Amino acid sequence: DVGEVYIPDESINTISSWDMLKGYQIYMKNDDVLTISGVPVDISEMTIFIEYLKWNIIAYLPQTPMPADDAFIGIKNILIMVKNSDGEIYYPSYNINQIPQMHPGEGYKLAVIAGTSFNYPSPTIAPPPQQTQTASAMVYVEETPVKYLPPNSKTGNSATVIVESSD
């Protein structure tokens with residue numbers, strides 16, 4: 001959300017510590033697997049602060065999948081849009097839901113019309129006492145010696161366009 005980066009080849013690390021409430025975008029030169037181990041959090045005690053009119057990247061904290069419309073029921077009246085890493089969206093005011101299930105270990109971008117605090121609703125099934133999350137990164141990066149992205153590079157970012165009919 002705030003432009004912090006970790007670039008190991010250049011010894012740059014502006015991410016002071018991992019924040020379990022945030023989502024992270026990872027760009028890699030090759031396909032690989034990132035494994036994060038730990039004890040699941042009590043989501044009833046985890047409040048996520050969401051800033052208005054900007055893309056917030058948040059972590060999906062529940063240990064079981066949940067429909068997007070259930071996950072964001074508490075802020076649906078101020079929610080503009082949610083995006084997953086595939087560019088699929090949940091846009092409640094247009095009745096668009098391309099994210100049937102949110103999944104543990106994934107991050108999501110969301111925008112709201114007013115700043116708010118947010119808690120995921122409690123799942124109906126108790127999570128296991130310890131779990132390992134595995135996120136698989138499959139990102140295409142074009143090798144180039146220049147420091148900017150060429151026009152045809154895949155960035156992992158998507159654009160959403162809504163066109164209303166004049167009918």
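**A walk through the model**

Colleague: Let's start with one residue. Where is Met-20 placed?

Modeller: Keep in mind that this is a predicted model. Met-20 sits in the loop between strand E2 (12-13) and strand E3 (32-38).

Colleague: Tell me about Ile-36. Where is that one?

Modeller: Ile-36 is in strand E3. Along the chain, Ile-36 and Gly-105 are 69 residues apart, yet their C-alpha atoms are separated by 8.8 Å.

Colleague: Okay, zooming out. How many helices and strands does the chain have?

Modeller: There is 1 helix, and there are 11 strands. Reading from the N terminus, the order is β-β-β-β-β-α-β-β-β-β-β-β.

Colleague: What percentage of the residues is buried?

Modeller: Of the 167 residues in the chain, 26% are buried. As for the surface, the chain exposes about 11,200 Å², and carbon and sulfur atoms supply 53% of that.

Colleague: What about contacts across the sequence? How many join residues at least 24 apart?

Modeller: Take the contacts between residues at least 6 apart in sequence: 73% of them join residues at least 24 apart.

Colleague: New topic: sheets. In what order do the strands of the open sheet come?

Modeller: The order is E5-E9-E6-E7-E8, so 5 strands, with antiparallel pairing. At the edges are strand E5 (56-59) and strand E8 (96-97), and each of these pairs on one side only.

Colleague: What holds strands together in general?

Modeller: Strands of a sheet pair through backbone hydrogen bonds, either parallel or antiparallel.

Colleague: Take E6, then. How many bridges does E6 have with E9, and how many with E7?

Modeller: E6 and E9 pair over 4 bridges, while 2 bridges join E6 to E7. Both pairings are antiparallel. On the E9 side, Val-82 has Leu-110 as its bridge partner, and on the E7 side, Lys-83 stands opposite Ile-89.

Colleague: What links E6 to E7?

Modeller: They form a hairpin with 5 residues between the strands, and Gly-87 there takes a positive phi near 85°. Going on, 2 bridges join strand E7 (residues 89-91) to E8, and Tyr-91 has Ile-96 as its bridge partner in E8.

Colleague: Is E6 mostly covered or mostly open?

Modeller: Mostly covered, as 4 of its 5 residues are buried.

Colleague: Which residues does Ile-75 touch?

Modeller: Leaving out residues up to four places away in sequence, Ile-75 touches Ile-50, Leu-110, Val-112, Thr-116, Ser-117 and Phe-118.

Note on methods:
Residues numbered from 1 in each chain as written. Predicted model: local features only at pLDDT ≥ 70, side-chain atom pairs only at ≥ 80, totals over all residues. Heavy atoms only, no water. Buried < 20%, exposed > 50% of the residue type's maximum accessible area, 1.4 Å probe, protein only. Contact = heavy atoms within 4.5 Å. Areas by Shrake-Rupley, 256 points an atom, 1.4 Å probe, with all protein chains shown as cover.
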